[in-house]
Amino acid sequence: MSSTERDVDHALAYPEPPASPLWHRHGAKARPLTDAQKRRNRELLDIAQRTTRPHSPRPTKTLAEAS
């Protein structure tokens, strides 16, 4: 066996399968957002980035103490 035969990636020897038809969108395109919707999204994003999420409380007992 020559070095060129050993170095060949056999996965690349076959053609790539065709793309799934589900990847293509057909029909009406999405409507662009209105200025009010864009403003509301920016406000919600700003609020979400500024607020912290509450952490779940830690148990008072360790696993060794619990059993």
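**Exercise 1.** Determine which pattern the protein follows along the sequence.

*Solution.* Read along the sequence, the pattern of this protein is α-α-α. Its secondary structure comprises 3 helices and 0 strands. Here helices (H or I, at least four residues) and strands (E, at least two) are DSSP runs, numbered from the N terminus. The model is predicted: local features need pLDDT of at least 70 and side-chain atom pairs count only at pLDDT 80 or more, whereas totals for chains, interfaces and linings use all residues. Residues are numbered from 1 along each chain as its sequence is written, and side-chain values use heavy atoms, with hydrogens and water left out.

**Exercise 2.** Identify the elements with the lowest and the highest mean pLDDT.

*Solution.* The term pLDDT denotes the predictor's confidence in each residue, from 0 to 100. The protein averages 76, and 64% of the residues score at least 70. Where pLDDT is low, the predicted coordinates should not be read in detail.

**Exercise 3.** Locate the salt bridge of the structure and describe the exposure of its partners.

*Solution.* A salt bridge requires a side-chain nitrogen of Lys or Arg within 4 Å of a carboxyl oxygen of Asp or Glu. The structure holds 1: R50 pairs with D46, their closest N and O atoms being 2.8 Å apart. Both belong to helix α2 (residues 35-50); because they are 4 residues apart there, about one helical turn separates them. R50 is exposed, with a relative accessible area of 64%, while D46 is partly exposed at 33%. Buried means under 20% relative accessible area, exposed over 50%, and partly exposed in between (1.4 Å probe, protein chains only).
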